[in-house]
Amino acid sequence: MMRTIGLIGGMSWESSAEYYRLLNEEARQRLGGHHCARSVLVTVDFAEIEAMQRSGEWERAGLLLAESAKSLEQAGADMVLLCTNTMHRVADQIEAAINVPFVHLVDATARRVAAAGLTTVGLLATRFTMEMDFYRSRMRQHGVEIVVPDEPDRTLVHDVIYQELTQNRVESSSREEYRRIIAELAGRGAQAVILGCTEITLLIGPGDSSLPVFDSTRIHVETAVDLALHAEPDPATK
């Protein structure tokens with residue numbers, strides 16, 4: 001029997017809906033028939049989280065998400081996923097609050113990159129993820145170095161996420177800008193690019209990139225389904 005996957009969503013709901021879709025597509029692909037992924041979802045109010053991000057109240061946000069994780073465990077989740085890259089800034093608080101496995105998005109992505117034999121990758125994400133150390137240092141533990149856009153492109157990438165994608169707007173002009181930025185990362189030595197914000201998958205796919213694409217959302221989902229069906233994830237799962 002497939003174990004139950006707990007999801008902390010709502011950051012934004014657009015990306016949480018993508019998680020739900022991908023989880024169920026992956027379960028059906030692997031199990032066939034009418035199978036769905038066993039899951040429990042708790043949705044937080046992104047407006048509250050976004051305000052805490054802007055004011056630097058990371059510990060307070062961590063406490064809120066830790067409580068959400070505990071509620072998933074109480075509801076029967078056998079593991080917990082946090083459906084956002086940026087809020088992995090507080091992953092340690094969440095992991096400490098629960099007794100079931102926390103499926104760390106950055107670890108899952110780094111393992112996939114390392115399994116492909118790559119050592120330097122570009123990162124497109126929110127400003128917090130691109131500029132804070134939590135993502136970079138976690139990737140480095142797996143032997144992967146991160147390259148991020150220079151300014152003003154970091155601001156452009158961040159603003160597209162918060163002003164468009166989290167508002168359910170997908171603009172072709174922004175897609176072209178992201179394509180340009182990816183090409184510039186390639187010129188600075190990036191061997192691939194990580195879509196390091198769960199909303200970016202709504203805008204950019206492999207066909208939009210001059211570099212191989214590692215979609216952190218899809219990788220996170222595939223890792224969770226591995227764990228739900230088996231004891232350990234396969235780092236080379238495609």
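Predicted model: local features only at pLDDT ≥ 70, side-chain atom pairs only at ≥ 80, totals over all residues.
Ala, Val, Leu, Ile, Met, Phe, Trp, Tyr, Cys and Pro count here as nonpolar, Asp, Glu, Lys and Arg as charged, and the others, Gly among them, as polar. Residues are numbered from 1 along each chain as its sequence is written, and side-chain values use heavy atoms, without hydrogens and water.

**Exercise 1.** Describe the lining of the largest pocket by class and by element.

*Solution.* 
Step 1. A pocket is an open set of points on a 1 Å grid over the protein atoms alone, where a 1.4 Å probe fits, with protein on both sides within 12 Å along at least five of seven lines; lining residues have an atom within 4 Å of a point.
Step 2. Of the 15 lining residues, Pro206, Val213, Phe214, Asp215 and Arg218 lie nearest the centre. Helix 1 (13-31), strand 7 (213-215) and helix 10 (216-229) each give two or more residues to this lining.
Step 3. By class, the lining has 7 nonpolar, 2 polar and 6 charged residues.

**Exercise 2.** State which residues leucine 65 is in contact with, leaving aside neighbours within four places in sequence.

*Solution.* 
Step 1. Contact means heavy atoms within 4.5 Å.
Step 2. Leucine 65 is in contact with Ile8, Met11, Val44, Ile49, Leu82, Met87, Val90 and Ile94, its neighbours within four places aside.

**Exercise 3.** Report the confidence of the chain and of residues 233-238.

*Solution.* 
Step 1. The average pLDDT is 94, and 97% of the residues score at least 70.
Step 2. Over residues 233-238, pLDDT stays under 50, and the model has 16 contacts beyond four places in sequence for them.

Methods
Helix = DSSP H or I, 4+ residues; strand = E, 2+ residues; numbered from the N terminus. pLDDT = per-residue confidence, 0-100.
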